Amino acid sequence: MADIAAVPLTPTSPPHGTLARAERFVWLTARVLEQRLFAHHFRDGAAGPVETALEAYRNADGGYGHALEPALRGPASLPAHTARALHVLDSVARCDARRAEDVCRYLTSVSTTEGALTAIRPEVALPAVRPAGSGDAAVRLPGALSATAPVVGLLHRNEVWHPWLFRATDFCWQAVESLEAARPGDVVAAVLFLDHAPDRARAEAAAERLGHLVRRERLVVLDPDAPGARPAASTAPGSVPGHTPGDRRFPHDYARTPDSLARAWFTDAETERSLDVLAAGQQADGGWPARRLPGAPEPAPAALLEARPIATIEALRTLAAYGRSLA
């Protein structure tokens, strides 16, 4: 692993360059997990330390808790925490069959009869008073595409097979192919599923239909120069600095990598303008603002501080995937 001691945390002048500024922000503000993730993705760090840091968030039921998803506080396992854990494991190529088996055991215990996971609701968003592993309250809520599709997509990407996954996949297909008046978050989740669903012909057809829906219903900002189009950290009275309100989505929010099915929804010019917006979103302290987790309460300062390094790493990864210079 690169020598992190070589990164000066008290320079005489602020660092220059996208990556250098982001690196300083991460070392000064991030949890150990995100520090290890940054080192892995951008400083040739090993995957082992990432997996070790993630282990602290795992519960005996196979799920994850302890505010792994910063907006949700408390120790209890929740689908949103577990989805975040799978994303981390996938990003460092450690989503193996052994770990996936434990995760799927937990997901089976908290899913609906049709295999769906539940969306975040205010009544379960702060599970601090529930003991770890007590997912019963979530089971009574209806399943949601936004919660289920990203998990199913990541498991398919890693060629995991489990009885729960068959039911969850059927749920995702039905939900994706029936989307009509979708919210942007539903479409983002659908893309994460379609990008890795085993039936590629069916996925391509569903993605093409969703692309028409996104443009027809204006679920994407294609003109960043339009009034109010660019995302900005909220400065309204009572708001938390560094938090992006609302649900504006740009092409890069749907097509996070060039090989995503959603990339075909947008022209080269639209994509480049979108990436310009993303690059310009880096704030003075070197980090990117965090998007509010749908259904979660307004983030407290501590939760926001933990969420912004996650948003920063994801922004850097998207820019790098499209070949944008981080110098």
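**Why is it called that?**

Student: Why is arginine 308 called buried?

Tutor: Its relative accessible area is 8%. Buried means under 20%, exposed means over 50%, and partly exposed is what lies in between, using a 1.4 Å probe and protein chains only. The 8% falls under the 20% limit, so arginine 308 counts as buried. Before we go on: this is a predicted model, where local features need pLDDT of at least 70 and side-chain atom pairs count only at pLDDT 80 or more, while totals for chains, interfaces and linings use all residues. Residues are numbered from 1 along each chain as its sequence is written, and side-chain values use heavy atoms, with hydrogens and water left out.

Student: Where does arginine 308 sit, and what does its side chain reach?

Tutor: Arginine 308 is in helix α13, residues 301-321. (Helices are DSSP runs of H or I with at least four residues, strands are runs of E with at least two, and both are numbered from the N terminus.) Its side chain has a polar contact of 2.7 Å with the side chain of aspartate 285, and also reaches the backbone oxygen of tryptophan 288 at 3.1 Å.

Student: What makes the 2.7 Å pair a polar contact?

Tutor: A polar contact is a pair of N or O atoms within 3.5 Å; within protein, one must be able to donate a hydrogen and the other to accept it, and residues adjacent in sequence count only if both atoms are side-chain atoms. At 2.7 Å, the pair from arginine 308 and aspartate 285 is within that limit.

Student: How do you know that α13 has about the expected span?

Tutor: The expected span is 1.5 Å times one less than the number of residues. For the 21 residues of α13 that gives 30 Å, and the first and last C-alpha atoms are 30 Å apart. Just after α13, glycine 323 has a positive phi of about 80 degrees.

Student: Now the loop between α3 and α4. Why is arginine 58 called partly exposed?

Tutor: Arginine 58, in the loop between α3 (48-55) and α4 (79-91), has 26% relative accessibility, so it lands between the two cut-offs. Its side chain makes a polar contact of 2.8 Å with that of glutamate 55. Leaving out residues up to four places away in sequence, arginine 58 touches Gly63, Tyr64, Arg99 and Asp102; contact means heavy atoms within 4.5 Å.

Student: What makes histidine 66 and alanine 93 worth a look?

Tutor: Histidine 66 has a positive phi of about 60 degrees although it isn't a glycine, and alanine 93, also not a glycine, has one of about 55 degrees. Histidine 66 is in the loop between α3 and α4; alanine 93 is in the one between α4 and α5 (97-110).

Student: Are those two buried, exposed or partly exposed?

Tutor: Histidine 66, at 34%, is partly exposed.

Student: Last one: are α9 and α10 roughly parallel or roughly antiparallel?

Tutor: Angles under 35 degrees count as roughly parallel, over 145 as roughly antiparallel, 65 to 115 as roughly perpendicular and the rest as oblique. The axes of α9 (184-194) and α10 (200-216) cross at roughly 160 degrees and come within 10 Å, where axes are lines fitted to C-alpha atoms over the stretch in contact and angles run from 0 to 180 degrees between N-to-C directions. That angle is over 145, so the pair is roughly antiparallel.
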